[in-house]
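I wrote each entry as I looked the item up.

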Amino acid sequence: MRPLSRISLSLRPLLRLLAVSLCLGGAARAQTDKASAPIPPATLALIKAKGSSAEAPILIRAYKKESEIELWKRTGNGRFVFVKTYPICRWSGQLGPKTKNGDRQTPEGFYTVAKSQMNPNSHYYLSFDVGYPNAFDKAHGYTGSAVMVHGICSSMGCFAMTDAVAGELFAVAREAFAGGQAAFQFQSFPFRMTAANMARYRSDTNIAFWRQLKEGSDRFEATGQEPAVSVAAGRYAFAPLKDKDQEALAGARVKEEAAHVAHLVEDGAPAIRTTYSDGGQHPFWAALINRGVPVGEVSRPEALAYAGQEVVLIPARRKPPPILPLPEAVWSVAIGPGAPLSSIRTLGFVPPQDRPSSRFDFDLASTYAVGLPRLVRVALDDKASVPTFRGTTAIADAVAQW
């Protein structure tokens, strides 16, 4: 019989293998559990309150300057409606498109996320690939890949959301795919595409590109319909909607916003550029981090002190207010007899009420007895001398006819 100690030694490799298997099995179960976690009840209630469901198609919009991601859901009438805003914990780079691998830029544009781009085994909790580079990026020779929406709070060109938010977005997308959506649109913008922002950033080197993004944004906001995006001659193009009324709404919104931008510029809106040391962070997460709440690894925290610095390129020009005409009831009292202004006289100026009559150069009342017979005589005798005052001929003709 072998000693017990020798048996124990021979079992050690097996025990180690068993321990590793148990650890790996537990980790795999944990990974599977988080990837299959349900949509939080509060978010599900919001979705239902908007007239949608967990299985309905989704659309996601991101705004870099505001550090926010929006969830939109399609309702029974075919329109997408806003459901919820999520704060971005970290994005990197500057405002503007991603152009090359390693530039730390978070991309901007219209992207497509299919089910195959979902990653339940991400090193950053859970993630999905936004689809960079798209057709537009490739047309311009932009390089790079694996731009994700993921957990923790570290970004090298991605949208870092923290684990909890990334898990919720993963769950929402997973249920939409389960409901039959083949792919969802991910719209990424430098800032909220308002007319005011477009006027403020009109001198930025990216403004021509941003105007293309605004057209797609305006069409979506006017109709609630996902824009059909393509690329033509290196530019984003948006196919007309099949519904003519909806297309009319989209076209009208684009024109109205362009006119609004032009009006703001004409009215003296400033032109600015916003700079970053390396991206930004939503104030919600900044406040939690300052209170010591753990959010995971935060990339380049020192760079956040220089995030969102505005450089004025063209100062604001205030347009003087129009001079409105003073009502007659006001000015007539102000200059009337006895008023303070009535005593003010400019050299050589005689107010109308003080001027002699411009119709006759004599006092009609005092010369009536002389003037009327002379007028009658003029009418009866063409050879008579005509008095030299204005209006005599016309009056004489009238008397003659009488």
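This is a predicted model: local features need pLDDT of at least 70, side-chain atom pairs count only at pLDDT 80 or more; totals for chains, interfaces and linings use all residues.

**Entry 1: strand β9**

I began with β9, which covers residues 183-189. I asked which strands pair with β9 and in what sense. Strand β4 (residues 109-114) pairs with β9 in the antiparallel sense, over six bridges. For a residue-level example I took Tyr111, whose bridge partner in β9 is Phe186. Strand β1 (residues 58-63) pairs with β9 in the parallel sense, over five bridges. Here I noted that Arg61 has Gln187 of β9 as its bridge partner.

I then checked burial. I counted a residue as buried when its relative accessible area is under 20%. Six of the seven residues of β9 are buried, so the strand is largely enclosed by the rest of the structure.

**Entry 2: the sheet β5-β6-β7-β8**

I next looked at an open sheet of four strands, in the order β5-β6-β7-β8, with mixed pairing. Which strands stand at the edges? They are β5 (118-119) and β8; each has a single partner strand, so one side of each is left without a neighbour in the sheet. β5 pairs with strand β6 (residues 127-129) in the antiparallel sense over two bridges. In that pairing I found Asn119 opposite Ser127 in β6.

**Entry 3: the second largest pocket**

I put the volume of the second largest pocket at about 190 Å³. I listed its lining as Asn119, Ser122, His123, Tyr124, Ser127, Met148, His150, Ser154, Ser155, Met156 and Cys158. Sorted by class, the lining has four nonpolar, seven polar and no charged residues.

I compared this with the record. The unreviewed UniProt entry carries the annotation "active site" on His150 and Cys158. Both His150 and Cys158 belong to the lining of this pocket. The annotation may be inferred rather than shown by experiment, and I left it at that.

I looked up His150 and found it in strand β7 (residues 148-150). Is His150 buried or exposed? His150 has a relative accessible area of 3%, so it counts as buried. Leaving aside neighbours within four places in sequence, the contacts of His150 include Tyr124, Leu126, Ser127, Cys158 and Phe159.

Cys158 sits in the loop between β7 and β8 (159-160). With a relative accessible area of 11%, Cys158 is buried because the value is under the 20% cut-off. Leaving aside neighbours within four places in sequence, I found Cys158 in contact with Arg90, Trp91, Ser92, Thr106, Ala146, Val147, Met148 and His150. The C-alpha atoms of Cys158 and Trp91 are separated by 6.1 Å, and the two residues are 67 residues apart along the chain.

**Entry 4: the largest pocket and Asp218**

The largest pocket holds about 230 Å³ of space. Its lining consists of Met198, Arg202, Ile207, Arg211, Lys214, Glu215, Asp218, Val254, Glu257, Ala258, Val261 and Val265. The elements giving two or more residues to this lining are α6 and α7 (244-266). By class I recorded six nonpolar, no polar and six charged residues.

Asp218 is in helix α6 (residues 207-223). Its relative accessibility is 2%, so Asp218 counts as buried. Not counting residues up to four places away in sequence, Asp218 touches Met193, Arg253, Val254 and Glu257. Val254 and Glu257 are also among the lining residues of this pocket.

I noted about 40 Å³ of space in the largest cavity. Arg219, Thr223, Gln225, Glu226, Pro227, Leu241 and Ala250 line this cavity. Its lining has three nonpolar, two polar and two charged residues.

Terms used:
Residues are numbered from 1 along each chain as its sequence is written. Side-chain values use heavy atoms; hydrogens and water are left out. Buried means under 20% relative accessible area, exposed over 50%, partly exposed in between (1.4 Å probe, protein chains only). Contact means heavy atoms within 4.5 Å. On a 1 Å grid over the protein atoms alone, a cavity is a set of points where a 1.4 Å probe fits but cannot get out, and a pocket is an open set with protein on both sides within 12 Å along at least five of seven lines; lining residues have an atom within 4 Å of a point. Grid points are joined across faces, edges and corners, and a volume is the space filled by probe spheres set on the points. Ala, Val, Leu, Ile, Met, Phe, Trp, Tyr, Cys and Pro count as nonpolar, Asp, Glu, Lys and Arg as charged, and the others, Gly among them, as polar. Two strands pair if DSSP finds at least two bridges between them.
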